[in-house]
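Dear colleague,

My notes come after it.

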Amino acid sequence: MADASYPEDRLYHPEHDWALIDDGVATFGITWFAQDALGEVVFFDVPEVGTSVTANELYAEVESVKAVSDVIAPLSGEIVEVNTALTDGPEAINEDPYGAGWMVKVKLSDPSEADALLDRDAYVGSLS
Amino acid sequence: MSGYTSVTAEDLEVMLDAIGVGSVAELFDSIPAGVRLRRPIDLPPGEPEQAVYAELRRLAERNLSAEDEITFLGAGMYDHYVPAIVDMLMSRSEFLTPYTPYQPEISQGGLQVMFEYQTAISELTGLPVSNASVYEGPSAVGAAAYLAKLSNKRPRVLVSRAVHPDSRATLETLAVGYGTTVQEIGLDDGVTDLDAMNDSLSDDVSAVVVQQPNFLGAVEDVGAIADAAHEHGALVICAADPLTLGVLEAPGHQGVDVCVGEGQTLGNRLDFGGPSFGFFAATQAHLRSMPGRIAGETTDVDGRRGFVLTLQTREQHIRRERATSNICTSQALNALGGVVYLSWLGRRGIVDLAELMLQRTHYARETLAALDGVHKLHDRPVVREFALRLDAPVQRVLERCAAAGFNAGYALGRTYEEHPDGLLVAITEQRSRADIDRLADVLGEAVAAERAAAEVPA
C-alpha cells in the first residue's frame, strides 16, 4: 500500500474525497486517509455514465473487508466517464488512490462549488 | 406483579431509583397517549402451574397431527418422512446455537454446514450462488423482488396468480416498503397465461414471479416465461418446490435469475406451519444484492481447508444504518435439517423420490378423476399435487372424509374464489397406493352422499 500523500493539485472534501478539475470536467476519487480507514477494498459498485451527482451526496459505494461505505460527491454535475477497471481491480483504490484508483469523471454543472472545497493544507490540517 | 415474576416491591423500587424513574408507567410516557391501551389487558387471573399444565394438555389433545389421519393435504407444506438422522444431528448442542458465526476460529462446524447447504441448494436450483438460508418461502419471494428492484430500479413486478397465496400476500406487503407495485397475471387452464403476461410486460417491469410447480400443482413452462421476461429486461424469479427438482429441469437452466422456495419438505416436519426455512439462490450478477449471508471456503495460515463468512453485503454490521436485509440468526438450524436430509437422500435418492411421487400422483389423479362427480380442474402435467373439481360442496365432502380418518386435501375456494368447487390433493412417499385406493373409496362415497343430499326435495 502507498505511503500517506495528499497531492497539491487536488481539492478536497471533508468526507475524504478529492476532485481534480480540468476544463469544466472533474475527476473524483477518495483520499489516502479514506482508503486507509476502509482497509482492503474488495468491491467498487461502478455508477452509470449519464447519472447526475450532487455535491455532498453519495454517488457510489465502496466495499472493504470491514464495511460498505458511501462515496460522497465533492461537486455537482453529470458522470461522463467511469473507471471500469475498478470492477475487476478494486485494489487500485488502495494502491494508487490518486491515479489508477480514480472513480468517475463529472462534467460540472456549477464550477463555483469548488470554492467550498479545501486545499491540501486545510484538508491535511483537518485530519489531525 | 404476576405470580410468575420474581420481583418484589422492594426490588422494583431499587431498580426505579437506580434509573431515576418514579413508576413503571412512566417508562411508557414516550408512547403517544392516543395509541395506548387505557385499561389493563383483559386476561384471566393467574392459575397454579399444575392447573395451567392440565389446561394446556386438554387443549393440545384437540390438535390433529398428520400422523393421526391419512393426509393428502399439501398446498405448500408436505407430509414427508423425516429420517432419524436429521433429529439426531439437529439436536447436537454444537448446532443448537444459531448465533452469527462472526469468529471463524470457533465456528468451523456451523460455517461448514452453511457451505455444504449452499452447495446443495446451488446444485438443486442450477444457480451459482446460494445464501445460507432465509426465514421461509413467502418472505424469500418478497426479498427476491427487492433484489430485482435493487438491480434494475424498475417500479413494477408481475406475479402469476398460481404463485402461493401466502407468497403473493407477503410480496404485496413487503413491496409497499420498497416502492414496487405488484400486478397479478391470470391463469389459462391451470398455468400462467403467457399472452396476458406478454400484454403486461414493458420496460418498467422489474421482475416476473412464477412458481414451479404452481399452486394448482401444474408444471409451468418456465423457459418460455423467462424468455418473454428477458425480452423486456425483467428478471425472472421462480419459487420452486425443491423435491420436485428431482424430475424437473433446474430453474437456473431455464433462464431463471433468482430461485427461492420453501425448505420445509427438506427434513423439517409440518409442526403446525413452522418453523422451517427458505432458500435463496441467484446468478453471479446478483451476488452483492442478495439478502442474508454466504459462507465461503478458504485456507488458514497453515494452508488447511477452512470456512468463513464471505459475504453479508446487505446486513447491519457491514452496511450500518443503510442495511437492507435483516436475516440475523436466520433459520440456520432448520437449514441444517435441510442439508442433512439432502445428504441422506443423495443425488440418486432425490430422483427416485421425485419419480415415486410422480407415479403415485398420476395414479391418484386418474383414479380420483374417474369417480362420479369428480373431475380434473386442469389437464396440465403435475408432479406431486393436482387440482380436482367436485360436483358437491367441498367443505362438506372434506368433513365426511375427515370422519373416515382421511384429510382429502385443501379446499381451493379458501383462496381462489373462481374455484369454489376446487380440491387440491397432495402426494408424498408416505401415501401408499393402498392409501390412494382407500381415499378414492372415501371421497367417492362422500361426493355421492352430498350429491344425494342435494337432490332430496326441500
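What follows is a description of each chain in turn, ending with the contact between the two chains.

Please keep in mind throughout that this is a predicted model.

Chain A

Chain A has four helices and nine strands, and from the N terminus on these elements run β-β-β-α-β-β-β-β-β-α-α-β-α. Its C-alpha trace spans about 35 × 35 × 20 Å along the principal axes. The radius of gyration of chain A is 13 Å, which agrees with the value near 14 Å that a compact globule of 128 residues would have. Buried residues make up 38% of those 128 residues, and of the contacts in chain A with a separation of 6 or more, 65% are between residues 24 or more positions apart.

Chain B as a whole

In chain B the secondary structure comes to 12 helices and 17 strands, and the C-alpha trace spans about 75 × 60 × 45 Å along its principal axes. A compact globule of 458 residues would have a radius of gyration near 23 Å, and the 25 Å of chain B agrees with this. Of the 458 residues in chain B, 43% are buried, while 73% of the contacts between residues at least 6 apart in sequence join residues at least 24 apart.

The two domains of chain B

The domain assignment divides chain B into domain 1, made up of 70–79 + 347–455, and domain 2, which covers 84–342. Taken over C-alpha atoms, the centres of domain 1 and domain 2 of chain B are separated by 29 Å, and the contact between these domains takes 23 residues from domain 1 and 22 residues from domain 2. On the side of domain 1 of chain B that touches domain 2, α10 (332–369) and β14 of chain B each supply at least two residues, with α10(B) giving the most, namely six residues. By residue type, this side of domain 1 of chain B divides into 14 nonpolar, three polar and six charged.

The seven-stranded sheet of chain B

Chain B contains an open sheet of seven strands with mixed pairing, in the order β2-β10-β9-β8-β7-β3-β4. Its edge strands are β2 (129–130) and β4 (181–185) of chain B, each of which pairs on one side only.

A hairpin in chain B

Strands β11 (residues 294–299) and β12 (residues 305–311) of chain B run antiparallel and are joined by six bridges, with Thr299(B) standing opposite Arg305(B) in β12(B). The two strands form a hairpin with five residues between them, and in the turn Gly303(B) has a positive phi of about 80°.

The contact between the chains

How many residues of chain B are in contact with chain A? Five residues of chain B are in contact with four residues of chain A. The residues on the side of chain B that touches chain A divide into one nonpolar, one polar and three charged.

With best regards

Conventions. Residues are numbered from 1 along each chain as its sequence is written. Chains are lettered from A and ligands numbered from 1 in the order in which they are written. This is a predicted model: local features need pLDDT of at least 70, side-chain atom pairs count only at pLDDT 80 or more; totals for chains, interfaces and linings use all residues. Two residues are in contact if their C-beta atoms, placed from the backbone, lie within 7 Å. Ala, Val, Leu, Ile, Met, Phe, Trp, Tyr, Cys and Pro count as nonpolar, Asp, Glu, Lys and Arg as charged, and the others, Gly among them, as polar. The radius of gyration is taken over C-alpha atoms; the globule rule is 2.2 Å times the number of residues to the power 0.38. A residue is buried if 20 or more other C-beta atoms lie within 10 Å of its own, exposed if 12 or fewer, and partly exposed in between; C-beta atoms are placed from the backbone. Two strands pair if DSSP finds at least two bridges between them. Domain bounds come from an automatic or database domain assignment.
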